[in-house]
Amino acid sequence: VKRALVALVRLFPPAFRRRFGDEVAGLLAAGYDRARARGRRAAGGFALAAAADLVRSAVSERLNPTWSEPRARRAEEPEMRSTIDAWSADLRQAVRALRRAPGFTAVAAGTLALAIGATAGLYTVVDTVLLEPLPYAAVDRLVHVAASAPGSDMPPEFSLSSEFYLHYRERSRLVEEVSTYNSFTSTLRTADRVERIRMSWPTWTLFSTLGARPLLGRLPNAADEENAVVLSHALWQSWFGGDPGVVGRELDVNGASRTVIGVMAPEFQFPNDGTQLWISNEIGLEEIRPGRFQSRIVARTKPGVTPEQLAAELTTLARQLPERFGGTANYARLIEQHRAVVRPLAEQLLGGVATPLWILLAAGGVVLLVACANVANLFLVRAEARQRDLAVRRAIGAGRAQLVRLQMAEALVVAALAGAFAVGLAALLLPVLLRAAPAGIPRLDEVGLGAATLLFAAAAAVASALACGLLPALRASAPDLTRLREGGRGSTRRRRWARHLLVAGQTALALVLLIGSGLLLRSFAELRAVDPGYDVASVLTFQFAPQQAQLADGPSWARFHLDFLDRLAALPGVESVGLVENVPLNEGTAPVRVFPEGAAIDAEAGTLVNVTFAAGDYFRTMGVALEAGRSFVADDHLLGTGNAVVSRTLANRLWPGEDPLGRRLRTQVGDVTVTVVGVVEDVLQDSFRDAPQALVYLPLAGPKPDSWQISSPAYVVKSARAETLAAEVRELVRQVAPEAPVYRVFTLAGLARDSMVELSFTLLTLAIASGLALVLGAVGLYGVLSYVVAERTREIGVRMALGARATEVRRMVVGQGARVVLAGVAVGVLGAVAATRALESLLFGVAPVDLGTFAAMSAAMLAVGLLASYVPAWRASRVSPVVSLRAE
Amino acid sequence: MAVGGSAALSRLEFHVLLALAGGPLHGYAVAEAVAAESGGALVPRAGSLYRVVARLVSSRLVAETAPPGEAPAHPGLARRYYALTAAGRRLLAEEAGRLKRSAAVAEERLTLSRGRS
């Protein structure tokens with residue numbers, strides 16, 4: 001950035017530059033360094049202000065010089081001077097020429113501005129979210145470690161557990177520091193405020209692993225045990241008004257009193273899921289329970305260690321775990337199959353959003369290319385019209401370089417105009433883009449118009465000037481001297497060929513985008529058509545977590561919640577109510593191993609399934625169909641009868657072809673055996689893209705008084721007033737549990753919408769891009785054919801005078817257009833086959849090379865092309881022979 | 001040209017002259033002094049600042065001068081020092097007097113109008 005700023009000093013006229021250039025550059029560098037010390041944002045602000053000022057002063061200095069030097073010294077750098085002089089003369093001439101053609105200038109600059117602006121806006125997002133390094137020291141040495149166990153029934157990738165952390169930390173020779181952490185939502189309580197917030201429970205080594213320093217106070221150490229918390233900057237501001245006295249205060253965090261020891265800087269967001277505070281932790285040997293795969297691990301490698309080397313070392317180290325920590329035979333077998341998964345932290349944190357963002361930026365790039373082709377075509381036509389002028393210049397001794405320069409100057413002026421407009425356009429577009437963007441894109445709140453946008457717009461403008469200007473310029477450098485003959489005319493085959501190539505290229509690019517958005521549209525429709533097994537209309541969900549002394553065992557928890565269900569059901573306009581531990585679309589369920597009766601506990605027969613709790617009219621409220629048996633009744637919850645309801649997939653997996661009712665299975669939860677009393681329809685728990693899970697629903701209380709207590713189930717309320725019920729619900733909760741915050745209040749319809757927002761956002765943006773490309777392509781074709789028709793007016797006139805019919809003339813012109821479009825479509829289809837692979841992770845229910853979509857979009861492209869050809873064709877067929885011949 | 005015997009000085013020009021009234025300074029120090037003395041109202045950017053310096057030098061209100069004796073010779077960083085000429089000092093004094101008179105008038109009118117209301 002500094003170098004770019006200093007380079008701007010060259011804009012000043014040479015006299016000024018020779019005398020003051022070094023000083024200006026020195027002042028810029030010193031100012032930048034000082035601003036940089038205050039942070040990236042300050043530096044960006046400084047660079048922008050300084051750059052704007054440099055451009056403004058340089059222009060004023062050229063128009064109205066404040067400095068001239070003695071004549072004697074002017075002879076310096078003669079070569080440089082002559083080039084600059086020549087260019088500035090050409091630029092002045094280009095400005096004059098373009099001013100005489102305002103229509104051409106507006107269309108060319110407008111087209112480019114639209115494309116550059118859109119691309120610059122997208123680039124700004126990509127730059128902040130993906131390219132800006134994470135705010136940690138030596139971030140390239142930070143890695144995320146996870147587990148895989150090929151051949152087992154575990155998911156392809158899963159979390160590690162704390163014995164891995166202890167073992168890695170002691171034995172790894174490639175790791176410098178390592179930390180393990182769990183993230184969850186829990187209650188934060190002060191004297192006057194109580195809320196559920198996102199918190200993380202990392203070992204105290206997290207901060208040294210990341211290389212982070214606190215803004216206030218200190219960071220945890222091993223001696224803090226679990227009694228200290230560190231606040232995020234956001235929490236410090238919103239709850240404590242930025243009061244530095246917060247350090248040392250006692251807060252009620254996750255059910256225990258803990259001391260605030262420090263506050264982090266705003267850029268420290270780890271993990272980047274809205275975590276508000278970090279509880280200190282040190283894992284001791286005595287706490288290890290091997291095989292609870294729930295912890296995430298982040299590590300800092302020693303310099304020069306690759307992820308592959310580390311993965312190999314950690315895999316080997318893990319083999320020693322069963323011997324050191326014990327654990328079940330199942331655990332030992334899993335460790336045999338275990339392979340450590342190591343990937344750069346940045347990839348782990350940003351991986352999910354990278355693909356759609358890059359796709360959108362690429363789409364913007366394609367639109368820019370199409371726009372360039374369009375403008376290049378306009379320039380070609382313009383150059384054509386000036387052949388005579390150029391030929392005269394050539395004849396009286398202008399060199400090739402001179403003619404090229406003249407053409408390039410016009411392209412540069414147009415592109416500069418476009419670049420300036422594009423920045424304004426990006427400023428307008430960016431807020432719209434950010435508002436439409438899906439939640440959960442890290443650092444989206446930091447995205448703003450800045451130096452990156454300006455540099456990108458400038459680079460794009462220069463690149464498009466080259467792309468638009470080069471072909472016409474080369475053409476202009478060898479003007480056809482025969483034009484000097486009286487009445488010289490006729491465009492050569494070669495010249496037409498170049499323009500047709502541009503139009504075919506545009507068509508191809510537009511078709512690639514069209515096919516891409518067509519595939520996303522199909523995916524969107526397929527996802528909308530998925531039956532998730534429940535009905536999202538008119539359902540409100542919320543949670544609250546009572547903390548009361550008398551709620552000490554399973555049955556009393558059950559009674560509390562069943563009473564509250566009755567109160568909810570009594571609200572006016574409520575159809576039915578129920579509760580569940582993990583509401584679909586909002587929270588995942590924890591996988592647990594279950595064993596059908598008769599199988600040995602540690603045998604292969606154990607099946608990994610998901611377990612949740614349900615009560616009230618849960619199934620009816622959600623519209624989950626009961627396929628066999630019965631649902632829970634009050635006694636199941638209050639007496640702990642040990643009954644369970646299972647999903648269809650689970651029944652089919654455990655007892656294929658048999659009646660599941662009355663069968664028993666043993667679960668690891670509470671270590672009890674339950675009896676199946678009902679079978680319900682499958683539901684899609686997390687996302688509409690996944691296959692339905694095998695799911696066991698347990699009642700609120702287990703067969704033993706302490707077998708399970710669930711602290712914060714999600715209530716579901718079916719009501720026509722679902723959108724407006726929240727306030728009444730809060731009041732009800734306040735009556736029975738004033739200590740408990742109500743949180744995760746959503747309508748299921750809203751959650752369903754959110755689950756598709758990533759796709760719909762990408763779809764919308766891509767659709768806009770392809771629409772733009774389609775229009776630009778059509779305009780390009782129209783322009784070229786119009787020009788051809790105008791050029792051939794005489795020929796067409798002669799044909800018609802000799803008896804050609806209007807339809808024949810139309811067919812001739814449309815045929816010419818159709819050949820170009822067909823060639824473009826053929827190339828576009830090939831391009832799309834290669835390009836749609838990048839979309840694969842976003843697609844659902846449709847293959848990347850979907851014949852229907854390819855055919856439909858190609859047909860649409862062809863139709864638009866023919867339409868664009870028909871207008872000039874129609875005009876050609878109305879040529880009056882008399883008029884066209886008289887025009888000679 | 002804006003700078004001349006009786007023509008008004010721009011705010012930045014005035015502040016640059018003001019900064020140099022204390023003795024010879026180099027560009028960076030001028031920029032800092034201007035920012036400080038204008039109470040942050042002026043943030044001189046490199047391009048504008050040196051155009052003003054160029055104009056003041058051209059109209060002989062400011063001249064380049066030898067570095068003050070104690071300034072260490074800085075290798076690689078050629079710092080040029082500027083100082084007021086006699087004409088510059090005169091113009092600054094005139095301008096300061098004019099500002100003082102204007103300020104007095106303003107104060108008087110504001111006091112009057114406050115008294116009236």
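**View 1. Strand β16(A) is covered on both of its faces.** On one side sit Asn643(A), Val645(A) and Ser647(A), on the other Ala644(A) and Val646(A), and all of them are buried. Here, buried means under 20% relative accessible area, exposed means over 50%, and partly exposed is in between (1.4 Å probe, protein chains only). Helices (H or I, at least four residues) and strands (E, at least two) are DSSP runs, numbered from the N terminus.

A word on what you are looking at: this is a predicted model, in which local features need pLDDT of at least 70 and side-chain atom pairs count only at pLDDT 80 or more, while totals for chains, interfaces and linings use all residues. Residues are numbered from 1 along each chain as its sequence is written, chains are lettered from A and ligands numbered from 1 in the order in which they are written, and side-chain values use heavy atoms, with hydrogens and water left out.

**View 2. β16(A) pairs with β18 and β19 of chain A.** With β18 (residues 672-680) the pairing is parallel, over 5 bridges, and Ala644(A) has Val676(A) as its bridge partner there. With β19 (residues 695-698) the sense is antiparallel, over 2 bridges; in that strand, Tyr697(A) is the partner of Val645(A). Two strands count as paired if DSSP finds at least two bridges between them.

**View 3. Leu112(A), Ile116(A) and Tyr697(A) touch the most other members of the largest nonpolar core.** This core has 96 residues, and helix α16 (residues 493-529) of chain A gives the most to it, with 12 residues. A nonpolar core is a set of buried Ala, Val, Leu, Ile, Met, Phe, Trp, Tyr and Cys residues joined through side-chain atoms within 4.5 Å. Apart from this core lies another, of 50 residues, including Leu551(A), Phe613(A), Ala651(A) and Leu725(A). In soluble globular proteins, nonpolar side chains tend to be buried together.

**View 4. Here are the contacts of Ile116(A).** Leaving aside neighbours within four places in sequence, Ile116(A) is in contact (heavy atoms within 4.5 Å) with Leu368(A), Ala418(A), Ala422(A), Ala457(A), Ala460(A), Ala461(A) and Ser464(A).

**View 5. Phe270(A) and Pro271(A) are joined by a cis peptide bond.** Omega is about -15°. Look for Pro271(A) in the loop between β7 (256-264) and β8 (277-279) of chain A. Most residues other than glycine have a negative phi, and most peptide bonds are trans.

**View 6. Glu225(A) has a positive phi although it is not a glycine.** The angle is about 50°. Glu225(A) belongs to the loop between β4 (214-217) and β5 (228-231) of chain A, and counts as exposed, at 51% relative accessibility.

**View 7. In chain B, Arg60(B) also is not a glycine and has a positive phi.** Its phi is about 55°. You will find Arg60(B) in the loop between α3 (46-58) and β2 (62-65) of chain B, where it counts as exposed, at 64% relative accessibility. Around it, chain B has 4 helices and 3 strands, running α-β-α-α-β-β-α from the N terminus on. Of the 117 residues of this chain, 38% count as buried.
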